[in-house]
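Here's a quick briefing to read with the structure open beside you. Take it one topic at a time and find each residue as you go.

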Amino acid sequence: MSCTRSARKPAVWLTVDDFGTHEDDSGVIKKVKRFTWENVKNTTVQVINWGATITSIRIPDKDGNAEDIVTGFDSIEEYLSTKNRYYGATIGRVANRTARGELDVEGVNYKLAINNGPNHLHGGIQGFDKVLWNYHVSGNKLILTYLSKDMEEGYPGDVLATITFQLTHNNEFQIDYKAVVSRTTPINLTNHSYFNLGGHGSGSKELYQHEITINADRYTEVDETAIPTGNLPSVNGTVFDLRVPKLLGQVISEVPNSPGYDHNYCVAKGSSQDVAFVAKAYHRPSGRVMEVYSNQPGVQFYTGNFMPEDESSQGKGAIYRKHGAFCLETQMYPDAIHHANFPDLLVRPGEEYRHLTSFKFTVEN
């Protein structure tokens with residue numbers, strides 16, 4: 001008597017296909033790869049190795065209907081275009097703003113690109129979001145690597161950056177950033193996904209239906225060019241107090257001197273190496289919930305204030321407009337290089353930069 005064992009479907013599986021081509025600076029044509037995770041909870045996540053970019057996250061709502069909840073594009077040509085606003089990309093060597101595009105490291109002054117008013121933003125003209133990363137697949141893990149050479153975009157030292165992406169069976173999408181350096185240099189990596197739990201193209205109407213919670217009792221005060229002043233005011237009694245859930249539609253217009261939130265929150269946690277709860281977004285109409293956990297001291301909460309108000313940004317069959325999506329970018333504090341009271345973002349030879357972030361998706365009825 002023989003018995004036949006039925007094939008068991010894995011809890012998570014990862015596939016690879018092509019996502020177009022890219023011509024590098026030397027004229028060599030290289031393939032851009034797309035990596036697709038699926039799990040038994042009907043969740044799908046896609047990443048491309050151009051810019052180590054999250055292009056799609058599809059999760060079910062309370063009725064079981066799956067919807068893509070991040071902005072993005074269907075082609076590599078669109079990711080290379082000017083309408084791309086860092087959608088889903090990995091940001092580096094230093095995320096967020098650096099005042100006046102300059103920094104001093106071990107007594108030497110370095111000049112960076114000025115690409116955001118009078119300041120430097122998101123690693124410069126060609127940051128980590130605009131390069132093709134090498135890839136390796138190990139089981140359900142995607143490992144991307146990039147070697148940033150000494151003086152690339154004005155930064156000192158070589159940096160070998162490694163990012164491991166993984167979707168779990170319980171609907172966590174985990175990102176593990178590591179970096180080592182040849183010379184002392186600042187590093188502040190993050191992911192710049194824009195989320196709308198009502199659907200990536202559902203616009204401001206659904207964005208305003210999100211209840212937002214951020215685990216922070218202070219934030220970094222900024223000047224008129226969005227550069228931190230160095231003050232870390234308490235959120236008590238202000239529109240920045242999101243320690244208990246607030247409906248975005250009721251508070252977004254109350255943010256002073258700004259068309260919405262674009263502020264770094266100081267995460268309430270213990271050691272900088274401890275992974276802690278950072279934030280939660282709940283979209284009551286769909287029931288979708290996203291929780292963010294990280295070991296980073298800060299998170300930039302951005303509500304898409306500078307997305308266009310016309311139809312100039314279209315992706316995946318939708319039009320992306322102002323307040324059409326939000327970002328929760330786990331990070332070091334902005335402009336930390338100029339503020340001794342901020343966490344140190346310098347990484348030295350022999351040290352390892354380590355940044356852990358996970359996005360956990362659930363449904364509430």
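**A lysine in a loop**

Lys-41 counts as partly exposed, because its relative accessibility is 43%. Keep in mind that what you're looking at is a predicted model. Lys-41 sits in the loop between strand 2 (29-39) and strand 3 (44-48), and that loop is a handy place to start. From there, we'll move on to other loops, then the rings, the cores and the cavities.

**Around Lys-41**

- Set aside the neighbours within four places in sequence, and Lys-41 is in contact with Pro-60, His-169, Asn-170 and Asn-171.
- Now look for Gly-304: Lys-41 and Gly-304 are 263 residues apart in sequence, and their C-alpha atoms are 29 Å apart in space.
- Asn-42 also lies in the loop between strand 2 and strand 3.
- Asn-42 has a relative accessible area of 43%, so Asn-42 is partly exposed.
- The backbone of Asn-42 has something to spot too: phi is near 65°, a positive value in a residue other than glycine.

- Tyr-86 isn't a glycine either, yet it has a positive phi of about 60°.
- You'll find Tyr-86 in the loop between helix 1 and strand 6.
- Is Tyr-86 buried or exposed? Tyr-86 counts as buried, because its relative accessibility is 17% and the cut-off for buried is under 20%.
- Going from Gly-92 to Arg-93, the peptide bond is cis, with omega near 5°.
- Arg-93 belongs to the loop between strand 6 and strand 7 (97-98).
- Val-28 is in the loop between strand 1 (12-23) and strand 2.
- With 39% relative accessibility, Val-28 counts as partly exposed.
- Not counting residues up to four places away in sequence, Val-28 touches His-22 and Glu-23.

**Aromatic rings**

- How many aromatic pairs are there? The count comes to 21.
- Take Phe-73 and Tyr-87: their ring centres are 5.6 Å apart and their planes meet at 45°, so this pair is tilted.
- The pair links distant parts of the chain, with the two residues 14 residues apart. Phe-73 is in the loop between strand 5 (66-68) and helix 1 (76-79), while Tyr-87 is in the loop between helix 1 and strand 6 (90-91).
- Both Phe-73 and Tyr-87 are buried.
- Phe-73 and Tyr-87 also belong to one aromatic cluster, together with Phe-19, Tyr-79, Tyr-194, Tyr-302, Phe-306 and Tyr-320.

**Nonpolar cores**

- The largest nonpolar core has 61 residues. Which of them have the most contacts inside it? They are Trp-37, Phe-165, Phe-173, Ile-214, Tyr-261, Tyr-265 and Phe-301.
- There's also a second, separate core of 15 residues, and among them are Trp-50, Ile-76, Tyr-79 and Cys-327.

- Counting cavities of 30 Å³ or more gives three.
- The largest cavity has a volume of about 50 Å³.
- The largest cavity is lined by 13 residues, and the closest to its centre are Val-94, Thr-98, Ala-336, Ile-337 and Leu-345.
- What classes of residue make up that lining? The lining of the largest cavity has nine nonpolar, two polar and two charged residues.

Notes
Residues numbered from 1 in each chain as written. Predicted model: local features only at pLDDT ≥ 70, side-chain atom pairs only at ≥ 80, totals over all residues. Heavy atoms only, no water. 1 Å grid on protein atoms, 1.4 Å probe; cavity = no way out; pocket = protein on both sides within 12 Å on 5 of 7 lines; lining within 4 Å. Points joined across faces, edges and corners; volume = space filled by probe spheres on them. Nonpolar A, V, L, I, M, F, W, Y, C, P; charged D, E, K, R; others polar. Core = buried A, V, L, I, M, F, W, Y, C linked by side-chain atoms within 4.5 Å. Buried < 20%, exposed > 50% of the residue type's maximum accessible area, 1.4 Å probe, protein only. Phe/Tyr/Trp six-rings, centres within 6.5 Å; stacked < 30°, edge-to-face > 60°. Helix = DSSP H or I, 4+ residues; strand = E, 2+ residues; numbered from the N terminus. Contact = heavy atoms within 4.5 Å.
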